[in-house]
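Hello,

Here is the structure I promised to pass on to you. Please have a look, and below it you will find my notes.

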Amino acid sequence: MTACAIEPSTDPGDSGVPLAGCSITAEGAYAARLTRSGGGGGAAWYPERWTLDGPEPYAVPLPGNQPEEPGTEVQPMSDGRVLVHRVAAGRHLFALLYPTGPGTGELPLGAVECPADGAGLRLLPPVPGGERAYALAAGPRATVLWRIVGGAFGPERVAEIPGHCSGGAWLDRTGRMLAVDRETGGRTKAVVVDLERDGEVSPLLQIAPDSDDRLLLADPDSGLVLIGSDAPSPGRERLGWGVLGSTLPVRFPECLRMPDCVVTPFAVQPGQVLTPERCAVALRVDGAFGSWVGVWRPAERQVRHLPAPEGWLTGAGLWTPDGELRLPCSTPRSPCGVARLVAPDAADAGGTDGAGGTGGAGGSSGADGERPGNPEATAPGESGDGPGTADTPAAQPRPVPLQQAPLARLVTK
């Protein structure tokens, strides 16, 4: 699949990452999206909450007193309420919506004002546990982290992070460790913000001194992280993987290179505490013919391409611990539905090397999904030229093992 001509919708403040069709709580019980009622010129936008943990999914419309703007953000909470983020007259307004019989109840939370020269404010991914919610207000020289839900008096300023920050991924089940991508000095590196230490910032990714290294997705159970970096091919971002606490460097499988396509990981199979290389990873692939689903495991040498189910809320989904991928879908015949896909087990899938066992991302050189002998699969101290052998000199610094980052020692205690 080549010659991708489309440009998927992206959040300009989030490093070009394609937007998902809805937001799902970390535990998968609820989802929320912005949808439209009616058709033609009379259609209006309103929030909708989906319940996903029952026998059948069902939707509850939450229209307010007036229609929402198309750019309004919505996020489900663990108690079934929906956080809504509106922008009016340069102010960011927050409220919690909940059903009240035939109507919609609304609990205003307050507002946040951002500097005119800032890049705006956006909600971070749902926090594990679902009782809190955070937002990033990115400015040209500093980024402010706000707690929107879970504080005592509405939005609270939690920390100020030097540099322009984007992205956002939770690294533990308590919602303490937040990873963001920070741009300083013309380079972007993932850093960690410790919310229990007044927003203390420490480095996470340093693959090469002059590379841009972003954290795209993280699984708190196994420590598996998906990374975007141009270290292997300067000027061209590659998709790689690593394990927090591992002694091996980040790897960049050849099978994850899809020329002229946008590949975005959006869900990791939870519960694989001792076998991160067997975690199934769901990929959103945007190409010339639309969007489809890719399924990949670090232990495999291939991506399995699956057609997107009809009405898929593109880019949204979650894995169950036993390996079922659930994708929320909406069609005129079935406005609230979930497509269920079962990924083949890594031990039974073709094209694997049988790597497994326990611990980090180890195994043989084929365990990273690349052809045998690829130098990007070698561990520190082995032969090989490191990442980007075809594009960079042999003196290019090797990736720094993730266990050398301060975060690895914190989250593995």
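**Strand 11 and its neighbours**

Strand 11 and strand 12 (residues 156-162) run antiparallel and are joined by six bridges; strands are DSSP runs of E with at least two residues, numbered from the N terminus, and two strands pair if DSSP finds at least two bridges between them. Before going on, a word on the source: this is a predicted model, where local features need pLDDT of at least 70 and side-chain atom pairs count only at pLDDT 80 or more, while totals for chains, interfaces and linings use all residues. Residues are numbered from 1 along each chain as its sequence is written, and side-chain values use heavy atoms, with hydrogens and water left out.

Six of the eight residues of strand 11 (residues 142-149) are buried, so the strand is largely enclosed by the rest of the structure; buried means under 20% relative accessible area, with a 1.4 Å probe and protein chains only.

An open sheet of four strands has the order 20-21-22-23, with antiparallel pairing. Strand 20 and strand 23 (304-306) stand at the edges with a single partner strand each, so one side of each has no neighbour in the sheet. Strands 22 and 23 are joined by three bridges, and G294 has H305 in strand 23 as its bridge partner.

**The cores**

The largest nonpolar core has 19 residues, and L226, L283 and W296 have the most contacts inside it. Such a core is a set of buried Ala, Val, Leu, Ile, Met, Phe, Trp, Tyr and Cys residues joined through side-chain atoms within 4.5 Å. Among the elements that give two or more residues to this core are strand 18 (224-229) and strand 21 (281-287). A second, separate core of 18 residues includes A169, A179, L204 and I227. Leaving out residues up to four places away in sequence, L283 touches several residues, including L239, F266 and W296; a contact means heavy atoms within 4.5 Å.

A95 lies in strand 7 (residues 91-100) and counts as buried, at 2% relative accessibility.

Best wishes

Methods:
Buried < 20%, exposed > 50% of the residue type's maximum accessible area, 1.4 Å probe, protein only.
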